[in-house]
Amino acid sequence: MNVDVVVTVAKIAVVLGLLLQVAPIMVWVERRGSAMMQDRPGPNRLGPFGLFQALADAVKFLFKEDVTPAAADKPLYLMAPALALLPAFTTSVVIPWGPNFTWDGKEYAFTVSNADTGVLLFLALASLGVYSLVMAGYASNNKFSLLGSIRASAQLISYELAMTVAVLAVIIPVGSFHLTDVVAYQRTNTWNCLLQPFGFLVFCIAAFAETNRLPFDLPEAESELVAGFHTEYSAMRFAAFFQAEYTSMAALSALGCTLFLGGWSLPWLNYEGMGWLGVALGLGTLLAKVGVCMFVFVWVRWTFPRFRYDQLMRLGWKFLLPVALLNLIAVSAMTLAGWL
Amino acid sequence: MTSYLPILVFTLVAVLFLTAALLAARLLRHAGSASMNLEPYECGNEALTFAHDHRFSIRYYLIAVLFVIFDVETVFLFPWAVLFDQLALFGFIEMMVFLAILVVGYVYIWNRGALRWV
């Protein structure tokens, strides 16, 4: 059998295996983390520290009644959860999870897809997420859902602009869409969050808005819209939206870590000379960084109040977009001068 | 082209994963439900109108149009960013002229109140 195929299948298996663990782990982290911040025990009945809570949730999702409202647009209603999972899973194909490795005397990059479009592919696939929200909200034929979904679409497209421009500024000094090159650039220089602090700030704020997390969770906004675009969804279909949210949070964290926080590398450490140990250490380093980012998502949730919708739009269009553009101009001028 | 195949694999896995979960749930859960459950989730009274009977604010449409304009702009920025070294000073000046024109439009829509939500 062709070695290339074996390597690709192995890479797919590793990354998918990791991605499928994200939601169960995050259910526990989110609930225990929330409990910790609110000074209450949180889920503590199932297993040590409530570690088996996710398992109980899965069982519940399987046994709950699955409602399709009579007034719903059925094909769209059934398609929306699958479409939500699609960008959540596919975006992580371009992330380099560790240093290059050799197998049978041939060198391979530790990315599932080594496409030349790299980060552009990530942005393109991530922006497909808005379709599932619009579809879910429209097809439900519920007023809360529809309001949530049009809010979501306006929010996602507004913050996508700022995020894209912030990502572009990283690409300019690197000169390549390959995320492996972005990591290599940060290893020879220093982490991009130090070189481009404003770009990092814009990316972080936009990341919260893109994943519909507090303080930008207006598409869901429990206190006003019940559950926003997924109000009508129950049982396993709701679980799909839930999983999509956590998986895309992880994928976006991985992109953020790769672009701004050195990816799988750590300063002054050289994983490349260590063979398979180096690959494992690189993967562990990136996972640790992603874990920290995921905790920050939970932390921010219980620190900041929700934005009002006009404030959200003002922040996106009148603050983040100009800052991102100025950052882009500054970075390109500095690259031209040879400072970056 | 082979580097794009994994995306197809991931798509298939996402769809299969959901299909398997839905099938398992269909076999396990109790069947049938009260007809009340099939009404839109609202306040408990019978709904007089459905969501599709209503209109929504024109501002969302405006935001979508503005997004298209700015998104096309970022499409032009991508090839410039990746070839920045080769285009050097010429590319930099060209792009600054392009951005300057864009900023004129941006200032215009800001002044016209297109970015004001209420």
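Buried means under 20% relative accessible area, exposed over 50%, and partly exposed in between. The model discussed here is predicted.

Q: Is A:Glu30 buried or exposed?
A: The cut-off for buried is under 20% relative accessible area. A:Glu30 has a relative accessible area of 3%, so A:Glu30 is buried.

Q: Which residue forms a salt bridge with A:Glu30 with the closest N and O atoms 2.9 Å apart?
A: A salt bridge needs a side-chain nitrogen of Lys or Arg within 4 Å of a carboxyl oxygen of Asp or Glu. At 2.9 Å, the partner of A:Glu30 is A:Arg213.

Q: How many residues apart in sequence are the parts that A:Glu30 and A:Arg213 tie together?
A: A:Glu30 forms a salt bridge with A:Arg213. A:Glu30 lies in helix α1 of chain A, and A:Arg213 in the loop between α9 (197–210) and α10 (222–225), so the parts tied together are apart in sequence by 183 residues.

Q: Which helix holds A:Arg301, linked with A:Glu30?
A: A:Glu30 also forms a salt bridge with A:Arg301, with the closest N and O atoms 2.7 Å apart. The pair links distant parts of the chain, 271 residues apart. A:Glu30 is in helix α1, and A:Arg301 is in helix α12 (residues 276–301).

Q: Which residues do salt bridges that share partners join into one network?
A: The side chains of A:Arg213 and A:Glu245 meet in a salt bridge at 3.5 Å, N to O. A:Arg213 lies in the loop between α9 and α10 and A:Glu245 in helix α11 (residues 235–260), so this pair ties together parts 32 residues apart in sequence. Through shared partners, one network joins A:Glu30, A:Arg213, A:Glu245 and A:Arg301.

Q: Where is A:Phe49 found?
A: A:Phe49 has a relative accessible area of 57% and is exposed. With A:Leu46, A:Leu51, A:Phe52 and A:Leu55, A:Phe49 makes a nonpolar surface patch of about 530 Å². A:Phe49 is found in the loop between α1 (3–37) and α2 (53–63) of chain A.

Notes: Residues numbered from 1 in each chain as written. Chains lettered and ligands numbered in written order. Predicted model: local features only at pLDDT ≥ 70, side-chain atom pairs only at ≥ 80, totals over all residues. Heavy atoms only, no water. Patch = residues over 30% accessible without salt bridge, like charges linked within 9 Å, V, L, I, M, F, W, Y side chains within 5 Å. Areas by Shrake-Rupley, 256 points an atom, 1.4 Å probe, with all protein chains shown as cover. Helix = DSSP H or I, 4+ residues; strand = E, 2+ residues; numbered from the N terminus. Buried < 20%, exposed > 50% of the residue type's maximum accessible area, 1.4 Å probe, protein only.
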